[in-house]
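Me: I would like to learn how to read a structure feature by feature. Can we take one together?

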Amino acid sequence: EEILSSLDTALAEKQFVIYIQPQFNHATKQLVGGEALVRWIHPEHGMQSPVDFIPVFEDSGLIPKLDLYVFERVCEYQRKCLDEDSYTFPLSFNVSRKDLLLPDYIDSMEEIRKAYDVPVEYLRAEITESSAVMGGSEHAVEIINRFHELGYMVEMDDFGCGYSSLNALKDLEVDILKLDIKFLRGHVGGRGGIIISSVINMAKWLNTPVIAEGVETFEQADYMLSIGCEIIQGYCYSKPLPADEYHKLAVESN
Ligand code: G
Ligand code: G
Ligand code: MN
Ligand code: NA
């Protein structure tokens, strides 16, 4: 397609930027970190959503290139914080299943991280439960071990949205669960509430902190806090922000 040939150009011309969605501790109202989310500022078509273009990058085999570009922007931003500020919050970045099928993907990440001299504790890899399972759980275990050897925390993204969340959780020793609460659809009670509080309990037994994603109202945030989940990422606090706006927020909240 036309879009395909333009992907390489777009990367070369740096038409991609990172937005950062802040994460808050709802008990203290403090900002505690954020997730980097890519945006494509297309010269003719304007801002494109990753929902539309990530699948195209995955199908065309260009996704590792894009994800490494995003990872580099994250390292660059963290370097800036480390230089300018007395504190730096950890940032999560997304890793595609296709990235992890490349044997040297993590080596390439490490080259970038070292070039920017960012300590590994400021960087957290998000993998989705579906990507973990679809690559084969043995492979996923290897990947997670590799990240752990290097000192990265690994987050399981979109937990609860796939077909085999529990299976993935059984096999994969991730450090943080990102629980998408979108399926509550506005109200906090009912079957959805029972399922969510059970997941929070299970995560406690597994000693795995949970970040609630897709939290749209403070009623939902209060509910999550009441069942033991403090960390909130969602529209109730903030949409994903341009990096400089996120930075202002981070500086203010410290
Ligand atoms: O806001 P949001 O629309 O940003 O993101 C939509 C989807 O695109 C999410 O599932 C998210 O995980 C994915 N996504 C966002 N940024 C990236 C990225 O840099 N790399 C990959 N692989 N996926 C991303
Ligand atoms: O990587 P992941 O699929 O988790 O990306 C997060 C996605 O969720 C992004 O598309 C982001 O814009 C979106 N998102 C973040 N907060 C909210 C929210 O409160 N409600 C909804 N509906 N989507 C959200
Ligand atoms: Mn994510
Ligand atoms: Na998610």
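Reply: In strand S6, glutamate 155 is the bridge partner of glutamate 126. Keep in mind that this is a predicted model.

Me: Which strands pair with S6, and in what sense?

Reply: Strand S5 (residues 123-128) pairs with S6 in the parallel sense, over 5 bridges. Strand S7 (residues 176-180) pairs with S6 as well, again parallel, over 3 bridges.

Me: What lies around ligand 2?

Reply: A shell of 13 residues surrounds ligand 2. The closest are Asp157, Gly214, Glu216, Gly234 and Tyr235. By class, the shell divides into 4 nonpolar, 4 polar and 5 charged residues.

Me: Which residues touch the most other members of the largest nonpolar core?

Reply: The general idea: in soluble globular proteins, nonpolar side chains tend to be buried together. Here the largest nonpolar core holds 59 residues, and Val70, Val74, Phe93 and Ala212 touch the most other members. Helix H3 gives the most to this core, with 7 residues. Take phenylalanine 93 as a case. Leaving aside neighbours within four places in sequence, its contacts are Ala36, Val70, Phe71, Val74, Leu123, Ala125 and Glu126.

Me: Which residues of helix H11 are buried, and which are exposed?

Reply: In H11 (residues 243-252), the buried residues are Ala243, Tyr246 and Ala250. They cover an arc of only 60° around the axis, so they sit on the same side of H11. Asp244, Lys248 and Glu252 are exposed on the other side.

Me: What do the buried residues of H11 pack against?

Reply: They pack against strand S1 (16-25), strand S2 (30-42), H3 and strand S10 (241-242).

Me: Where is leucine 62 placed, and is leucine 62 buried or partly exposed?

Reply: Leucine 62 is in the loop between helix H2 (50-60) and helix H3 (63-84). Burial here needs 20 or more other C-beta atoms within 10 Å. Leucine 62 has 17, so it is partly exposed. Beyond its neighbours within four places in sequence, leucine 62 is in contact with Leu7 and Phe57. From leucine 241, leucine 62 is 179 residues away in sequence and 25 Å away in space, C-alpha to C-alpha.

Definitions and conventions. Residues are numbered from 1 along each chain as its sequence is written. Chains are lettered from A and ligands numbered from 1 in the order in which they are written. This is a predicted model: local features need pLDDT of at least 70, side-chain atom pairs count only at pLDDT 80 or more; totals for chains, interfaces and linings use all residues. Two strands pair if DSSP finds at least two bridges between them. Helices (H or I, at least four residues) and strands (E, at least two) are DSSP runs, numbered from the N terminus. A residue is buried if 20 or more other C-beta atoms lie within 10 Å of its own, exposed if 12 or fewer, and partly exposed in between; C-beta atoms are placed from the backbone. Two residues are in contact if their C-beta atoms, placed from the backbone, lie within 7 Å. A residue is near a molecule or strand if its C-beta atom, placed from the backbone, lies within 6 Å of it. Ala, Val, Leu, Ile, Met, Phe, Trp, Tyr, Cys and Pro count as nonpolar, Asp, Glu, Lys and Arg as charged, and the others, Gly among them, as polar. A nonpolar core is a set of buried Ala, Val, Leu, Ile, Met, Phe, Trp, Tyr and Cys residues joined through C-beta atoms within 7 Å. The arc is that of the directions from the helix axis to the C-beta atoms.
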